[in-house]
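Subject: Structure for you to look at

Hello,

Here is the structure I said I would pass on.

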Amino acid sequence: MSNFFAENYGVLGYYDSDKFINPEYHKSFLKDIEAEIYRNSKAPFVKNFRENYEGGQLPIYALVGVFSFGTLSKFYKNMKNGDKKIVAKLFCVGYTYLESWLESIAYVRNICAHYGRLYNAKLAKTPILYKEYSKAGIRNMRVSK
């Protein structure tokens, strides 16, 4: 994702709301990344970019190193659909599938990180499955068995 974005919009292109679908969602994303950078301010690579590069802004390829799954999910969700399609194609899936899986992984990670019960819990964010998986009996509503 970061490679695609940097190649097409520049390493600081993530600051430009025109590169995304929703400008308000983009503002929220920028606040999230500032919080992520602050939380990781002692990490050597963050310190290096902050202290040694003009403006102290992290390029997207470094920034993803501090992204939470939630921030990564928000970043992808707000990308333009054409861009999402190109990124998803790298993983050999449709962009709606990748988007749903990123959201679901972020949701499951948060359950685990906050000591929630994951086994047999109904997932509020469910990943989209291809029909052949559903036909084979694979379900996406709960983690069980």
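This is a predicted model: local features need pLDDT of at least 70, side-chain atom pairs count only at pLDDT 80 or more; totals for chains, interfaces and linings use all residues.

Helix H5

H5 covers residues 69–77, and Thr-71 lies in it. Is Thr-71 buried or exposed? Its relative accessibility is 2%, so Thr-71 counts as buried, the cut-off for that class being under 20%. Apart from neighbours within four places in sequence, Thr-71 is in contact with Phe-29, Asp-32, Ile-33 and Glu-36.

H5 and H2

Those four residues, Phe-29, Asp-32, Ile-33 and Glu-36, are among the H2 residues that meet H5. H2 is the helix of residues 23–39; its axis comes within 10 Å of that of H5, and the two cross at roughly 150°. Angles over 145 degrees count as roughly antiparallel, and H2 and H5 are therefore roughly antiparallel to each other. The crossing of H2 past H5 is left-handed. On the H2 side, the contact also includes Tyr-25 and Ser-28. On the H5 side, Thr-71 is joined by Lys-74, Phe-75 and Lys-77. By class, the residues of this contact of H2 with H5 are four nonpolar, two polar and four charged.

H5 and H7

H5 also packs against H7, the helix of residues 95–113, with axes that come within 8 Å and cross at roughly 160°. That angle makes H5 roughly antiparallel to H7. H5 passes H7 in a crossing that is left-handed. Which residues of H5 meet H7? They are Phe-69, Gly-70, Leu-72, Ser-73, Tyr-76 and Lys-77. From H7 the partners are Tyr-95, Leu-98, Glu-99, Leu-102, Glu-103, Ile-105, Ala-106 and Arg-109. The contact of H5 with H7 divides into eight nonpolar, two polar and four charged residues. Lys-77 is listed in the contact with H7 and also in the one with H2.

Cysteines

How many disulfides does the structure hold? The number is zero. Cys-92 has a relative accessible area of 69% and is therefore exposed, the cut-off being over 50%. Cys-112, at 44% relative accessibility, counts as partly exposed.

Regards

Key: Residues are numbered from 1 along each chain as its sequence is written. Side-chain values use heavy atoms; hydrogens and water are left out. Buried means under 20% relative accessible area, exposed over 50%, partly exposed in between (1.4 Å probe, protein chains only). Contact means heavy atoms within 4.5 Å. Axes are lines fitted to C-alpha atoms, for helices over the stretch in contact, and angles run from 0 to 180 degrees between N-to-C directions. Angles under 35 degrees count as roughly parallel, over 145 as roughly antiparallel, 65 to 115 as roughly perpendicular and the rest as oblique. A crossing is left-handed if the near helix is turned anticlockwise from the far one by less than a right angle, and right-handed if clockwise. Ala, Val, Leu, Ile, Met, Phe, Trp, Tyr, Cys and Pro count as nonpolar, Asp, Glu, Lys and Arg as charged, and the others, Gly among them, as polar. A disulfide is a pair of cysteine sulfur atoms within 2.5 Å.
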